[in-house]
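Here is a friendly walk through one protein model, meant for someone meeting it for the first time. Please keep the sequence and the 3D view at hand as you read.

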Amino acid sequence: MFVAALAGGCAPRIGAKAPEPTVVASNVEAPAGTTLVQACTPTGPELCFNAIDDNCNGVIDEGCGVPTGLLQFTLAWAGSAEVDLVLVTPSKERVPEGRARSTPSGFHLDRDCPQDGCGGQNVENIHYDGSEPPRGHYVVEITLGELHDSAPPIAARFGARLGTQTVGFDVTLSPGDDARKQFGFDL
Ligand SMILES: [Ca+2]
Ligand SMILES: [Ca+2]
């Protein structure tokens with residue numbers, strides 16, 4: 001049982017709500033050649049489909065039809081190129097895996113662009129729906145697929161909600177060695 005250290009000799013309240021679990025990420029690693037943005041600078045109201053927490057309330061693209069949770073991973077890019085966001089959990093589950101967009105542990109791919117009819121405002125979003133995210137090492141893969149009518153390099157913005165912290169970076173993708181970028185952290 002959680003017992004808070006109380007000043008002034010007050011007794012803990014009977015039936016007080018248990019504290020929210022603490023989700024604190026460590027060893028946050030952005031891909032080589034990118035700059036990890038860890039400090040949130042409010043720029044105004046939340047804008048949709050940019051994978052940025054514009055209003056710095058700790059949630060990325062809220063009010064834009066994409067779910068969030070204690071963990072959320074969002075990728076935004078423009079144009080018709082296919083880019084895939086894949087999460088690898090500590091137990092090595094992959095989301096998505098083939099046609100499966102959810103894992104038994106509670107991770108979900110909510111939007112798959114451009115296939116889901118994204119109108120050129122592409123956002124892929126993965127969120128965790130529980131309150132106790134699995135502990136261990138997480139990897140997010142950002143992989144360029146077919147370019148279609150878009151010319152490389154493809155510029156994308158990645159954002160992650162890790163508990164109360166949001167982080168992000170700008171990344172460029174080109175066919176070949178530059179087609180896959182990786183983000184990682186530990187819980
Ligand atoms: Ca926000
Ligand atoms: Ca936003």
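**Two histidines to start with**

Begin at H108, whose bridge partner in β6 is H127. Two strands pair if DSSP finds at least two bridges between them. By that rule β5 and β6 are paired in the antiparallel sense, over four bridges.

**What kind of model this is**

This is a predicted model, in which local features need pLDDT of at least 70, side-chain atom pairs count only at pLDDT 80 or more, and totals for chains, interfaces and linings use all residues. Residues are numbered from 1 along each chain as its sequence is written, and chains are lettered from A and ligands numbered from 1 in the order in which they are written.

The pLDDT is the predictor's confidence in each residue, from 0 to 100. Its mean over the protein chain is 90, with 89% of the residues at 70 or more. Over residues 1-10, however, the pLDDT is below 50, and this stretch has five contacts in the model beyond near neighbours in sequence. Contact here means that the C-beta atoms of two residues, placed from the backbone, lie within 7 Å. Where pLDDT is low, the predicted coordinates should not be read in detail.

**The chain as a whole**

How many helices and strands are there in the protein chain? There are zero helices and 10 strands. Among the contacts with a separation of 6 or more, 62% are between residues 24 or more positions apart. Of the 187 residues in the chain, 29% are buried. A residue is buried if 20 or more other C-beta atoms lie within 10 Å of its own, exposed if 12 or fewer, and partly exposed in between, with C-beta atoms placed from the backbone.

**One sheet, then another**

β5 and β6 belong to an open sheet of five strands with antiparallel pairing, in the order β5-β6-β2-β8-β9. Its edge strands, each pairing on one side only, are β5 (107-111) and β9 (165-173). On average, neighbouring strands of this sheet are turned by 15° against each other, direction ignored; this angle is taken between axes, which are lines fitted to C-alpha atoms, and runs from 0 to 180 degrees between N-to-C directions.

Within this sheet, β2 (residues 71-78) and β6 (residues 121-128) run antiparallel and are joined by seven bridges. T74 stands opposite N125 in β6, and L75 stands opposite E124. Because seven of its eight residues are buried, β6 is largely enclosed by the rest of the structure.

Another five strands form an open antiparallel sheet, in the order β1-β10-β7-β3-β4. Here β1 (26-29) and β4 (94-95) are the edge strands. Seven bridges pair β7 with β10 (residues 180-186) in the antiparallel sense, and V139 stands opposite G184 in β10.

**The nonpolar core**

A nonpolar core is a set of buried Ala, Val, Leu, Ile, Met, Phe, Trp, Tyr and Cys residues joined through C-beta atoms within 7 Å. The largest one has 37 residues, of which L75, V83, I142, A156 and F158 touch the most other members. At least two residues each come from β2, β3 (83-88), β5, β6, β7 (137-144), β8 (154-162) and β9. Leaving out residues up to four places away in sequence, F158 touches A51, L75, I142, G168, F169, V171 and F183.

**A buried arginine**

Back in β5 you will find R111. Is R111 buried or exposed? R111 is buried, because 23 other C-beta atoms lie within 10 Å. Beyond residues up to four places away in sequence, R111 touches V66, D116, V123, E124 and N125. R111 and P67 are 44 residues apart in sequence, and their C-alpha atoms are 9.7 Å apart.

**Backbone details in the loops**

| Site | Feature | Value |
|---|---|---|
| V95 to P96 | cis peptide bond | omega about -5° |
| P152 to P153 | cis peptide bond | omega near -5° |
| D61 | positive phi | phi near 55° |
| H148 | positive phi | phi near 50° |

P96 sits in the loop between β4 and β5. Both P153 and H148 are in the loop between β7 and β8. D61 lies in the loop between β1 and β2 and counts as buried, with 24 C-beta neighbours inside 10 Å. H148, by contrast, is exposed, with 10 other C-beta atoms within 10 Å.
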